[in-house]
Amino acid sequence: MDEPTLLPALTRIAEALERLAPPPAGGIDLTGADAFVWHPEPRARLAPVPRVAAVPIALLRGVDRQRDMLLENTMRFARGFTANNAMLWGARGAGKSSLVKAAHAAANAELPGSLALIEIHREDIRSLPELLGALRSQPRRCIVFCDDLSFEREDADYKALKSVLDGGIEGRPPNVLFYATSNRRHLMSRDMIENERSGAIHGNEAVEEKVSLSDRFGLWIGFHNADQDTFFAMIEGYAAHFGLPVAATDLRAQAVEWSVTRGGRSGRVAWQFILDLAGRLGVRIDA
């Protein structure tokens, strides 16, 4: 192939390689939405979420103390002040992830565009340093959120998260907070902690290394199972908000029956009951 023919071919190859290459870390765009999902592979990107499935924060009942703690932390951060990484742990379906999304929505309602919510999936935690590196140069403040975070035995990803929370040499980007939810207080099951203690030469040191990850969160917020009065407050709040035409006594009776079939009372069970009731009553809910 002679030189005049070779040059255009090389140019096309170079252009094709540029299209395949991942964008530079500083090339992400946080202006297109208020929420994104992080996809590290095959090409690192933030996928915008046009609409977040968030419940208005005023509808979250039975978690008043937890709501006030997380909302105050989030609003302080949205206003440009320092705040803490937060771990929301406890009972399943107690409203942990709902509270994170509601607090983010409340902050942006008061200060439009102040916060971007970026969800990172549990299996992508090892790419967290890459994500934070990309966010470091962004002018917008961000909450990186991992739902249902936990670690299994021999899972080394906790070291990546521990390093990020500690800040490393560079320190945590001042425009980023990390929020996580977990059913486990120390992000590992009790059996795993006991196995570490019994299987290691220095058992207590091995356990301390594993559970110390949760200590890196400045804000620890616990959630517990709802009692019956709190459960009634949840469903009555939803019913009033959505204008469901049902008498209070009938509403409670149906809610009790529903909770029995579900084997417990929680915010998730209350919301599922309301969706079912609204469908039976012919009331449309934009869920």
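**View 1. Helices α8 and α9 are oblique to each other.** In this predicted model, the axes of α8 (residues 228–242) and α9 (residues 248–262) come within 10 Å and cross at roughly 120°, and the two helices are therefore oblique (angles under 35 degrees count as roughly parallel, over 145 as roughly antiparallel, 65 to 115 as roughly perpendicular and the rest as oblique). Axes are lines fitted to C-alpha atoms, for helices over the stretch in contact, with angles from 0 to 180 degrees between N-to-C directions; helices (H or I, at least four residues) and strands (E, at least two) are DSSP runs numbered from the N terminus.

**View 2. Residues make the contact between α8 and α9.** Contact means heavy atoms within 4.5 Å, and the residues involved include F231, F232 and I235 of α8 together with L251, A255 and V256 of α9.

**View 3. Seven strands form an open sheet with mixed pairing.** The strand order is β2-β1-β4-β5-β6-β3-β7, where two strands pair if DSSP finds at least two bridges between them. The edge strands β2 (45–48) and β7 (219–223) each pair on one side only.

**View 4. Strands β3 and β7 pair in the parallel sense.** Five bridges join β3 (residues 86–90) to β7, and A86 stands opposite L219 in β7.

**View 5. Helices α2 and α3 lie across strands of the model.** Helix α2 (residues 64–78) runs at about 150° to β7, whereas α3 (residues 96–110) runs at about 155° to β4.

Residues are numbered from 1 along each chain as its sequence is written. Local features need pLDDT of at least 70, side-chain atom pairs count only at pLDDT 80 or more, totals for chains, interfaces and linings use all residues, and side-chain values use heavy atoms, with hydrogens and water left out.
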